Amino acid sequence: MGVLLANNKAGALPPPLPKGVVSALGPGGEVVVSRTYAPGSVQVVGALSAAALQQLFAGAPADTAQTLAALRAGKPASQALPGRLRAAYRSRYQDVDGYNVVGKMEGSDAKLKNEYVVHSAHLDHLGVGEAINGDSIFNGAHDNATGVASVLEIARAYSRLKVKPRRSVLFVLVTGEEMGLLGSAYFAKFPTVPKAALVADVNTDMPTIIAPLLAVVPLGAVHSSLLQPVEAAAAYLGLAIEADPEPAQHRFIRSDQYSFVVQGIPALHLKYGNKTADGQNNLSEQVQKWRVLTYHKPQDNFDGGTFDWDAGRKYAQLNFLIGYQVAQAAARPTWNPGDFFGARFGK
């Protein structure tokens with residue numbers, strides 16, 4: 001048995017898997033978390049372009065337009081396809097050790113110190129790859145050295161508090177994000193503290209501090225009560241809150257906070273907003289240009305890179321203030337009534 005994933009948009013390419021199928025194994029050698037491995041009787045998982053999908057549907061009772069319309073309406077659309085596909089593959093297996101780094105600050109409340117707020121960031125990048133403009137080392141200065149630095153500075157801020165917050169705080173630097181959120185998925189499923197004691201995750205991934213930080217997009221906060229501490233912290237720092245400018249990118253489920261969501265734990269990830277000092281409010285255009293030249297390339301480098309350190313300071317302050325409020329609150333965060341993620345994963 002096999003599974004084929006198809007894209008119905010003309011010109012869209014099947015997703016590449018240059019690193020193959022990557023999974024995290026448990027102590028017994030079994031796959032415990034993966035974004036690319038299908039367990040059980042599935043032998044082949046592949047991807048089709050829109051053109052190949054049309055070929056596979058040629059001569060079927062219902063064409064792709066009818067089938068997709070039924071699926072969007074929530075109706076089953078199973079049918080036998082006359083098209084045939086033959087697949088062959090060769091495999092190579094390799095064990096690689098990867099490590100999460102976890103720090104803990106104990107809370108001050110006799111009861112609530114047994115609950116934990118997580119500040120997370122991924123410490124991996126792409127390593128060494130095909131050279132671009134003569135450079136083959138993918139440094140990951142923005143993605144995600146700035147995120148790791150933010151969590152370290154957040155930990156420093158907590159350490160300087162004369163009175164620690166009521167809940168305990170975990171500072172979690174995870175591996176394997178670029179391979180499918182593996183490190184965070186493993187930690188969220190097998191944390192170093194009781195899983196039921198995790199109350200929230202505030203994730204930091206590529207803050208993109210290339211311009212003054214005047215507004216933020218709190219990805220995922222609208223799904224839970226975490227929106228309230230976000231609003232309070234942003235107001236304190238004079239930051240505007242904006243809706244996600246790229247909803248079609250589904251950014252909320254594409255970084256390590258989603259690993260916690262899958263385990264029923266409310267989480268969020270703060271990205272830059274679109275507000276600019278000149279009133280043009282077009283920061284996303286600058287970011288898009290930066291991405292083309294820098295994102296996931298060796299050019300994401302400290303030497304010669306673009307960094308707005310005041311934006312980085314404010315970003316770390318914002319994340320700290322959000323986590324601190326959650327750690328101080330009498331009640332743990334909750335999913336909003338009727339929310340999709342809360343209904344699917346909530347406890």
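The following questions and answers concern selected local features of a predicted model.

User: How are helix α3 and helix α8 oriented to each other: roughly parallel, roughly antiparallel, roughly perpendicular or oblique?

Analyst: Two packed helices are described by the angle between their axes and the distance between the axes. Here α3 (residues 141–159) and α8 (residues 309–328) have axes 9 Å apart, at an angle of about 55 degrees. Angles under 35 degrees count as roughly parallel and those from 65 to 115 as roughly perpendicular. The orientation of α3 and α8 is therefore oblique.

User: In which hand does α3 pass α8, right or left?

Analyst: The two helices pack with their axes 9 Å apart. The crossing of α3 past α8 is right-handed.

User: Is Met206 buried or exposed?

Analyst: Met206 is located in the loop between β10 (198–204) and β11 (215–219), and its phi is positive, near 50 degrees, although the residue is not glycine. Buried means under 20% relative accessible area. Because the relative accessibility of Met206 is 7%, this residue counts as buried.

User: What is the phi of Thr208?

Analyst: Most residues other than glycine have a negative phi. Thr208, in the loop between β10 and β11, is buried at 5% relative accessibility. Although Thr208 is not a glycine, its phi is positive, at about 60 degrees.

User: Why does Leu25 count as partly exposed?

Analyst: Leu25 belongs to strand β2, which covers residues 23–25. Partly exposed residues fall between the buried limit of 20% and the exposed limit of 50%. Leu25 counts as partly exposed because its relative accessible area is 32%.

User: How much accessible area does the nonpolar surface patch that includes Leu25 have?

Analyst: Leu25 forms this patch with Val21, Val31, Tyr37 and Tyr93. Together the five named residues, Val21, Leu25, Val31, Tyr37 and Tyr93, have an accessible area of about 480 Å².

User: How far apart in space are Ser23 and Asp95, C-alpha to C-alpha?

Analyst: Ser23 is in strand β2 and is partly exposed, at 24% relative accessibility. In sequence, Ser23 and Asp95 are separated by 72 residues. In space, their C-alpha to C-alpha distance is 10.0 Å.

Definitions and conventions: Residues are numbered from 1 along each chain as its sequence is written. This is a predicted model: local features need pLDDT of at least 70, side-chain atom pairs count only at pLDDT 80 or more; totals for chains, interfaces and linings use all residues. Side-chain values use heavy atoms; hydrogens and water are left out. Patches are made of residues with over 30% relative accessible area and no salt bridge: like charges are joined within 9 Å, nonpolar side chains (Val, Leu, Ile, Met, Phe, Trp, Tyr) within 5 Å. Accessible areas come from the Shrake-Rupley method with a 1.4 Å probe; for residues, only the protein chains shown count as cover. A salt bridge is a side-chain nitrogen of Lys or Arg within 4 Å of a carboxyl oxygen of Asp or Glu. Helices (H or I, at least four residues) and strands (E, at least two) are DSSP runs, numbered from the N terminus. Buried means under 20% relative accessible area, exposed over 50%, partly exposed in between (1.4 Å probe, protein chains only). Axes are lines fitted to C-alpha atoms, for helices over the stretch in contact, and angles run from 0 to 180 degrees between N-to-C directions. Angles under 35 degrees count as roughly parallel, over 145 as roughly antiparallel, 65 to 115 as roughly perpendicular and the rest as oblique. A crossing is left-handed if the near helix is turned anticlockwise from the far one by less than a right angle, and right-handed if clockwise.
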